[in-house]
Amino acid sequence: QILVNGPMIYKTYLKIEHSDENIDFWLACEAYKKITSQRKRISVARKLFTSYIQPQASNEINIDSPVRKAIIRNIQEPTQSCFDEAQRIIYMHMERDSYPRFLESKFYPKLKHSLQSNGNNSMVN
């Protein structure tokens, strides 16, 4: 539900709300899971870590210490699922916090209207 209705408009809303690192991290994790090369996985995992996970990262996400520590332990030999728990937490933050506010914002009616104008009513609840 959360990412069906216009991820780019939602991302714009999050940028205004100063929490666009959440959607950026979530989308980066989705792309990360599709990586098949271990060499590329290591490289991308390190980028995700330095951008979102390490304390004081430029786009640091709000995850608890045990999850952060587990990622730190696994970052040398990253698996396809090493960011899954952090991604789940970020999804919950968006689902419970920013997404309901987005639905109440001025952005959502514009999105709904543009989807209806394009004949995509099936995407609008």
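The paragraphs below go through a predicted model, from its overall fold to individual residues.

The secondary structure of the protein consists of six helices and zero strands. Along the sequence this gives the pattern α-α-α-α-α-α. The protein has 125 residues, of which 39% count as buried. Among the contacts with a separation of 6 or more, 59% are between residues 24 or more positions apart.

Confidence should be kept in mind while reading the model. The average pLDDT of the protein is 86, and 88% of the residues score at least 70. Helix α3 has the highest confidence, at 96, and α6 the lowest, at a mean of 74. Over residues 120-125 the pLDDT stays under 50. For this stretch the model has 15 contacts beyond four places in sequence.

The interior comes next. In soluble globular proteins, nonpolar side chains tend to be buried together. In this model the largest nonpolar core holds 30 residues. The members that touch the most other members are Phe25, Ile53, Ile61, Ile63, Ile71, Phe83 and Phe102. Two or more residues of this core come from each of α1 (7-16), α2 (20-33), α3 (38-53), α4 (65-74), α5 (84-104) and α6 (107-117). Helix α5 gives the largest share, six residues.

Helix α1 can be read by its two sides. Its buried residues are Tyr10, Lys11, Tyr13 and Leu14. These four lie on the same side of α1, because they cover an arc of only 160 degrees around the axis. Met8 and Ile16, on the other side of α1, are exposed.

Leaving aside residues up to four places away in sequence, Lys11 touches Asp20, Ile23 and Asp24. With Asp24 there is also a polar contact, in which the two side chains come to 2.4 Å.

Between α1 and α2 there is a loop, and His18 lies in it. Just after α1, His18 takes a positive phi of about 60 degrees, and this is a residue other than glycine. His18 counts as exposed because its relative accessibility is 68%, where exposed means over 50%. Gln56 is found in the loop between α3 and α4. Its phi is near 70 degrees, again a positive value in a residue other than glycine. At a relative accessibility of 72%, Gln56 counts as exposed.

Helix α2 contains Leu27.

The cysteines remain. How many disulfides does a search of the whole structure find? The search finds zero. Cys29 is in no disulfide, and the nearest cysteine sulfur to it belongs to Cys82, 8.4 Å away. Seen from Cys82, the closest cysteine sulfur is that of Cys29, and the 8.4 Å between them is too far for a bond, because a disulfide needs sulfur atoms within 2.5 Å. Cys29 counts as buried, with a relative accessibility of 1%. Cys82 is buried too, with a relative accessible area of 11%.

Note on methods:
Residues numbered from 1 in each chain as written. Predicted model: local features only at pLDDT ≥ 70, side-chain atom pairs only at ≥ 80, totals over all residues. Heavy atoms only, no water. Core = buried A, V, L, I, M, F, W, Y, C linked by side-chain atoms within 4.5 Å. Buried < 20%, exposed > 50% of the residue type's maximum accessible area, 1.4 Å probe, protein only. Arc of directions from axis to C-beta. Polar contact = N/O pair within 3.5 Å; in protein donor to acceptor, adjacent residues only side chain to side chain. Contact = heavy atoms within 4.5 Å. pLDDT = per-residue confidence, 0-100.
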